[in-house]
Structure formats: structure tokens, C-alpha cells
Amino acid sequence: MRQFSEAESAAGREALVGNFLLFLFGCGVLAFFVTVDRVDWLRIRPASASSAAMAQASAKPAPVPLIERAEPREGDVRNP
């Protein structure tokens, strides 16, 4: 087996550390671009169904549509 000198092993170690740091930098840039593109991921949302229901219950209620009458009134256009 070949014996490496101190200078060769130090150069190999520096190259490995440099490549690893470059890889981490690339991952950081990728994470930044994904975060910029998906800003809605950073919004705080309810974690469970019960907390989502409580949050929805505390919100302003939506307008309720008018319910049609079961029996038409006299003189109604739909009533022959």
C-alpha cells in the first residue's frame, strides 16, 4: 500500500473540505430560491383539525344565502 506524505494528505483533505463547503453553499442558494418562490410555506397555519376549526369559527361568518320556501305563496310566478 502506498504511503502518503503529509503534504499530499493535507492537500487531499483541503480539496475535500473545499468541495463540501461548495456543496453546502449550493444547497443554501437552492433553499433560498425555493423559499423565495414558495413564500406561502412560511405562513403560520393551524397544526391540527381542532385548531383549524376553532380558527374558522372565530372568523367573520360568510353571508348566508336566502333559503327558498318549501311552499310557494299565492300569486307566485312559479305557482300556476
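**Close-up views of a predicted model**

**View 1. The pair R38 and D37.** R38 and D37 are joined by a salt bridge, in which the closest N and O atoms are 3.9 Å apart, and the model that shows this pair is a predicted one. The distance of 3.9 Å between R38 and D37 counts as a salt bridge because the rule asks for a side-chain nitrogen of Lys or Arg within 4 Å of a carboxyl oxygen of Asp or Glu. By this rule, the count comes to one salt bridge.

View 2. The unreviewed UniProt entry lists residues 15-36 under the name "transmembrane region". In the predicted model, this span is 100% helix and 0% strand, and the C-alpha atoms at its ends lie 32 Å apart.

View 3. L22, F25, V29, F32, F33 and V36 together make a nonpolar surface patch of about 640 Å². One of these residues, V29, has its place in helix α1, which covers residues 6-37. Is V29 buried, exposed or partly exposed? V29 has a relative accessible area of 30%, and it therefore counts as partly exposed, because that class lies between the limits of under 20% for buried and over 50% for exposed.

**View 4. The chain as a whole.** The chain has two helices and zero strands, and helix α1, the place of V29, is made of residues 6-37. What share of the 80 residues counts as buried? The share is 0%, while the accessible surface of the chain comes to about 8100 Å², with 65% of that area belonging to carbon and sulfur atoms.

Definitions and conventions:
Residues numbered from 1 in each chain as written. Predicted model: local features only at pLDDT ≥ 70, side-chain atom pairs only at ≥ 80, totals over all residues. Heavy atoms only, no water. UniProt positions renumbered as here; feature names shortened; annotations may be inferred. Helix = DSSP H or I, 4+ residues; strand = E, 2+ residues; numbered from the N terminus. Patch = residues over 30% accessible without salt bridge, like charges linked within 9 Å, V, L, I, M, F, W, Y side chains within 5 Å. Areas by Shrake-Rupley, 256 points an atom, 1.4 Å probe, with all protein chains shown as cover. Buried < 20%, exposed > 50% of the residue type's maximum accessible area, 1.4 Å probe, protein only.
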